[in-house]
Amino acid sequence: MQDGFIPLSVPNLKGNELQYVTAAVETEWVSTGGPYVNDFESKLAAYVQAKGAVSCQNGTSGLHISLLLTGVTSEDAVIVPTLTFIAAVNPVKYIGAEPIFMDCDDSLCMDPLKLERFCREECDFDGEILRDKQTGRRIRAVLVVHIFGNMADMEKIMDIAKAYHLQIVEDATEAIGTYYTEGALKGKYAGTIGDVGVYSFNGNKIITTGGGGMMVSDREEFLKEARHLTTQAKTDELYYIHDKIGYNYRMTNLQAALGLGQMEQLEKFIETKSQNYALYQSLIDGMEGYSILPFRQGTRSNHWFYSLLCAEGRQVRDELISRFSEHNIQTRPIWGLIHQQKPYVNSRSYQIERAAYYWEHVVNLPCSTSLQTEQVRRVVEVLQAR
Ligand SMILES: *Cc1c(COP(=O)(O)O)cnc(C)c1O
């Protein structure tokens, strides 16, 4: 018997999406004008309790604009993780700046201890400007990625940012809905802790607009400038006067229609993801050679992606991925580390160790919000059949 295909992560559009998109088409508001874009921005800002939100075409364009907001120039360097999707790093290069690759901690997010040590030992700080000794570049910002719906150690990272006058861009593309439940940052959502945060609504994210993104910030000047830069930096609507090089990055009403339908379901999706995560965990707990990576203590994670840790490493990982594939189950290793990718092999990296370990040992398991209990059991049976 051929079992049905279990995808890694697919959209779930069974709410009011069709109704809202139909309304957008019927009213012929399909482009960047129209009521849904503003509505989606305010609903999202309210959900994550940010002062405001500015839509964009995707997470990548949001990160590009965010780096510009923090004042990063082609002379500067930006500290970035190596364990991430490459879209988090490429915008540094769009600006002509240089990345400095940082290792992860056991949450798979940036290691704050190494970050601090790098700033202290590898840089000069004159009380205002932090400069990498090796390249002489000013480090203006750190781009933190909340991997797989987890939360980076933002308490420590914000302390470092304060000590060294660094701005924090949060790539929360995978972590919408994740927030602190304890500690100094209790109640704060991923994306709203640093200077600016970015969400993505790509097809594989927890909510999707096909392609789309959103920036959030509590800094009014950032929100204003983000809106300006994403709409061609136009200062006069009638005469088309522009004061800067802008971008055509604003979301369309069609995308936002989809997004509003998805927002209504976000909490339900998180609940389903959390339940399936708990089920995987209970079935895999105690199995020899395998475990499910936890999310950070003291947070409510959105449980976007589930990470299976294979104690034996790379060979078992690869064997496992092909076994799953033979059983019609889609799984995936972590992205190739960015400091080893062709465009970045000559970039600066700092003591990358744990990222390499996790790259070798982790397999992402199916996690769609439409995933059924029997399907989770089937995945675990394939894992056991060794
Ligand atoms: C999805 C993703 C992005 C990019 O978002 P797009 O909307 O696809 O451009 C950036 N960073 C990370 C970590 C992502 O997972």
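This report describes the strands, helices and contacts of one predicted protein model.

**Basis and confidence**

Residues are numbered from 1 along each chain as its sequence is written. In this predicted model, local features need pLDDT of at least 70, side-chain atom pairs count only at pLDDT 80 or more, and totals for chains, interfaces and linings use all residues, while side-chain values use heavy atoms, with hydrogens and water left out.

The pLDDT is the predictor's confidence in each residue, from 0 to 100. Its average over the protein chain is 97, and 99% of the residues score at least 70. Where pLDDT is low, predicted coordinates should not be read in detail.

Helices (H or I, at least four residues) and strands (E, at least two) are DSSP runs, numbered from the N terminus.

Two strands count as paired if DSSP finds at least two bridges between them. Eight strands form an open sheet with mixed pairing, in the order β1-β10-β9-β7-β6-β2-β3-β17. At its edges are β1 (52-56) and β17 (348-349), each of which pairs on one side only.

| Strand pair | Sense | Bridges |
|---|---|---|
| β2 (77-81) and β3 (98-102) | parallel | five |
| β2 and β6 | parallel | three |
| β6 and β7 | parallel | five |

Ile-79 stands opposite Ile-100 in β3, and also opposite Val-142 in β6. Leu-143 has Val-169 in β7 as its bridge partner.

A residue is buried under 20% relative accessible area, exposed over 50% and partly exposed in between (1.4 Å probe, protein chains only). Six of the seven residues of β6 are buried, so this strand is largely enclosed by the rest of the structure.

**Helices on the sheet**

Contact means heavy atoms within 4.5 Å. Axes are lines fitted to C-alpha atoms, for helices over the stretch in contact, and angles run from 0 to 180 degrees between N-to-C directions. Helix α5 (residues 112-121) lies across β2, β3, β6 (139-145) and β17, and runs at about 125° to β3. Helix α6 (residues 154-163) also packs on the sheet, where it touches β6 and β7 (167-171); the direction of α6 makes about 150° with that of β7.

**A pair of helices**

Helix α2 (residues 35-47) packs against helix α8 (residues 253-263) at an angle of about 35°, and their axes are 8 Å apart. The residues in this contact include Tyr-36, Phe-40 and Leu-44 of α2 and Ala-256, Leu-260 and Met-263 of α8. Ten of the contact residues are nonpolar, two polar and two charged; here Ala, Val, Leu, Ile, Met, Phe, Trp, Tyr, Cys and Pro count as nonpolar, Asp, Glu, Lys and Arg as charged, and the others, Gly among them, as polar.

**The four-stranded sheet**

Another open sheet has four strands in the order β13-β15-β18-β16, with antiparallel pairing. Strands β13 (290-292) and β16 (332-333) stand at the edges with a single partner strand each, so one side of each has no neighbour in the sheet. Two bridges join β16 to β18 (residues 362-365) in the antiparallel sense, and Pro-333 has Val-363 in β18 as its bridge partner.

**Pro-7**

Pro-7 lies in the segment before α1 (17-26). Pro-7 is buried, with a relative accessible area of 18%. Pro-7 and Cys-367 are 360 residues apart in sequence, yet 8.2 Å apart in space, C-alpha to C-alpha. Not counting residues up to four places away in sequence, Pro-7 touches Gln-330, Pro-366 and Ser-368.
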